[in-house]
Amino acid sequence: MTATRTSTTAAIGALLTATLFWAGNYVVGGAAVSAIPPLDLVALRWAIAVVPLFALAQLVERPDWRHVARSWHRVLLPALFGLVAYNYLLYTALQYTDAVNASLINAFNPALIGVAATIFLRQRMTSVAVMGVILALVGVLWVLCDGHPTTLLSNGFGLGDVFMLGAIVVWTVYTLTGRHGTGIPPITSTALQALVSLIALTSVVLPTGGPHLPVTSNATLALLFIGLCPSVISTALWNRALTTIPPALAGVFLNLITVFTVLISVALGKPFTVAEAMGGVIVMGGVAMTNAQAFRGSRARSDVRMSR
């Protein structure tokens, strides 16, 4: 096996592991919110992750910390939207819906980003991409109504669905506001965002008597997993893989978050309905159509951030 092939294989393994941990955030997060309030969970997640992230940034990127300190204001909006608001809405959604449903709704996010970029950034969307957005939306609605469209007319959206839809809207704003970058290396930027988020959350959580720490060993293990695996290890693995695999191609692996979430949930005994399977396939097909042009572009880049 050549060195190049070995490097590519290692990068693919890194991407698979990163997306597996991001999927675990849905499953483990769903269990954690039964013991830890969502806002406290977000605060504790970044409290655990912030020091390892700064250590990782120093080890891998060796940034100019004076420049980083002067640039804190550049990560303020990304931190509040991506690390705080998105995760708060996600964990709140997981109080009312299961991880599979949440991940299937989240799978629509790339298509929503494409629509928002077309509306607000005047980016051109091809007819194939438009069809992809419509197809992905149909898939999401199919999941939300559990394969029975009339239930949406009679019952509307579930509370968990509403929070998850809010989460992907927030992530879309996060993506568009951060499109020009911060001028800070990616791991360092994530570490600084985690610190800014922690400071902001502390000012909200402390006056309410929080954060409320887990009282059971299972909840503690869930919190440690969330604080380390999807927050720190996935960040390191994703950035390691991007040194070998182009971002647009790496972005394809993000679709595995939903796949892994389903597999983990089923392995844990959660039934997977025909409606969820059909809706998931439709969403994935629509997202693939929406992003087909980006995947072909030699300068295309991924819209993923490091806080999933």
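**Close-up 1. Asn87 lies in helix α4.** Helices here are DSSP runs of H or I with at least four residues, numbered from the N terminus. This is a predicted model, in which local features need pLDDT of at least 70 and side-chain atom pairs count only at pLDDT 80 or more, while totals for chains, interfaces and linings use all residues. Residues are numbered from 1 along each chain as its sequence is written, and side-chain values use heavy atoms, leaving out hydrogens and water. With a relative accessible area of 0%, Asn87 is buried (under 20% relative accessible area; exposed is over 50% and partly exposed in between, with a 1.4 Å probe and protein chains only). Its side chain reaches the backbone oxygen of Gly82 at 3.3 Å.

**Close-up 2. Helix α4 packs against helix α9.** Let us look at the pair. Helix α4 covers residues 76–93 and helix α9 residues 159–177; their axes are 8 Å apart and meet at an angle of about 165 degrees. (Axes are lines fitted to C-alpha atoms, over the stretch in contact for helices, and angles run from 0 to 180 degrees between N-to-C directions.) That makes α4 roughly antiparallel to α9, a term for angles over 145 degrees. Residues making the contact (heavy atoms within 4.5 Å) include Phe81, Tyr86 and Leu89 of α4 and Phe163, Met164 and Trp171 of α9. The residues of this contact divide into 15 nonpolar, four polar and no charged. (Ala, Val, Leu, Ile, Met, Phe, Trp, Tyr, Cys and Pro count as nonpolar, Asp, Glu, Lys and Arg as charged, and the others, Gly among them, as polar.)

**Close-up 3. Val196 sits in helix α10, residues 186–205.** At 12% relative accessibility, Val196 counts as buried. Leaving aside residues up to four places away in sequence, Val196 touches Val75, Leu76 and Ala79. The C-alpha atoms of Val196 and Pro78 are separated by 9.8 Å, although these residues are 118 residues apart along the chain.

**Close-up 4. Helix α5, residues 99–106, is largely enclosed by the rest of the structure, because eight of its eight residues are buried.** At the start of α5, a side-chain oxygen of Asp98 reaches to within 3.1 Å of the backbone nitrogen of Val100.

**Close-up 5. Ser103 is found in helix α5.** Is Ser103 buried or exposed? At 1% relative accessibility, Ser103 counts as buried. The side chain of Ser103 reaches the backbone oxygen of Val100 at 2.9 Å. Not counting residues up to four places away in sequence, Ser103 touches Tyr26, Thr258 and Thr261.

Notes. Helices (H or I, at least four residues) and strands (E, at least two) are DSSP runs, numbered from the N terminus. Angles under 35 degrees count as roughly parallel, over 145 as roughly antiparallel, 65 to 115 as roughly perpendicular and the rest as oblique. A polar contact is a pair of N or O atoms within 3.5 Å; within protein, one must be able to donate a hydrogen and the other to accept it, and residues adjacent in sequence count only if both atoms are side-chain atoms.
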